[in-house]
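Have a look at the fold before reading on.

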Amino acid sequence: MYRLLAIDLDGTLLTPRPHKHITARTRLALRRAAAAGVTLVIATGQNLAVLQNTCGDLPLNGPQIIENGAVIANLEGRIYHERYLPSEHILPALALLREHGFYRAYHTIHRVYVDRHTPRAREWYRPPVQPVIEVEDVASLFPLPCVKVVGIGEEERIRALRSTFEQRFAGELYVTQSSFDLIEFLHPGVSKGHALQQIAADLGLASEGVVAFGDNHNDIGMLRFAGLGVAMGNAHDEVKAEADFVALSNSEDGVAVVIEEMILPALNAS
């Protein structure tokens, strides 16, 4: 029986750009699942402030996956687990991104800093979430504790270079693509998949009781772990190949449809 839903935010729970909101139908489906005893976990590459602002009215009563798993915390800000980027790899990761022509972001636990003129950076956060801080060179922030380093560039270049970056930091950092134009470098023990396993273990749940929804490379670990891994219709083909089921897209209430047609009937039949 399904007891936990782990749901990616951008590209999955949220409608497409530029609106990026949770529809009334999806909100209702989530509330019905929670009322039936299902634990809801949002699994996002975003920070806690974004999660609070976007999902603060949802029945999220337990740990949530933030910063691609580098932080596990509840909506009130209680941190259960956190793992920072090893300091010896911060500057090499930033240098590699600059070498390949990427703009860069430096995430601390509270704020996000970007290289000046980084495309789209001013669109990342909406009030009341604090905006990014532009600096001339984010490497100048070192040794400020860093949750993750992010490269910003064209989707085709990121997909072409991702394996090169993974090989460069094999065993040293977790490298993942979290959006069409973002590639991230995190602690090697960090990922959404690892965080989901940690939460399931803390709750005493086997993987068979977990459903995971996602659309991008950073969601694959969750889909592999879950008893039911669901890729969105708008997901990249590499994500769909790892899924047990492909839902409708995030513009078609794909998450809500799966809850309505697969999750709730299974709960009612048990």
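Glu88 and Glu99 are exposed (over 50% relative accessible area, with a 1.4 Å probe and protein chains only) on one side of helix α4. The other side holds the buried residues (under 20%) of α4, residues 87-99: His89, Ile90, Ala93, Leu94, Leu96 and Leu97. They span an arc of only 160° around the axis, so they sit on the same side of α4; that arc is taken from the directions from the helix axis to the C-beta atoms. As a reminder, an α-helix has 3.6 residues a turn, so residues three or four places apart point the same way.

What do those buried residues pack against? Their partners are β6 (103-107), β9 (148-152), α5 and β11 (182-186), where a contact means heavy atoms within 4.5 Å. Helices here are DSSP runs of H or I with at least four residues, strands are E runs of at least two, and both are numbered from the N terminus.

A word on provenance: this is a predicted model, where local features need pLDDT of at least 70 and side-chain atom pairs count only at pLDDT 80 or more, while totals for chains, interfaces and linings use all residues. Numbering starts from 1 along each chain as its sequence is written, and side-chain values use heavy atoms, leaving out hydrogens and water.

Helix α5 (residues 155-168) contains Arg162. Arg162 counts as buried because its relative accessibility is 11%. Beyond its neighbours within four places in sequence, Arg162 touches Gln177, Ile183, His217 and Glu238.

Now for the backbone. Most residues other than glycine have a negative phi, and most peptide bonds are trans. These spots are worth a look:

| Site | Backbone feature |
|---|---|
| Pro127 to Pro128 | cis peptide bond, omega near 10° |
| Phe142 to Pro143 | cis peptide bond, omega about 15° |
| Lys20 | positive phi of about 50° |
| Asp253 | positive phi of about 55° |

Pro128 is in the loop between β7 (112-115) and β8 (133-135), and Pro143 is in the loop between β8 and β9. Lys20 belongs to the loop between α1 (9-13) and α2 (24-35). Asp253 lies in the loop between β14 (245-246) and α9 (254-269), and is buried at 16% relative accessible area. Just after α4, Gly101 also takes a positive phi, of about 80°.

Zooming out, the protein chain has nine helices and 14 strands. Buried residues make up 54% of its 270 residues. The C-alpha atoms fill a box of roughly 55 × 35 × 30 Å along the principal axes.
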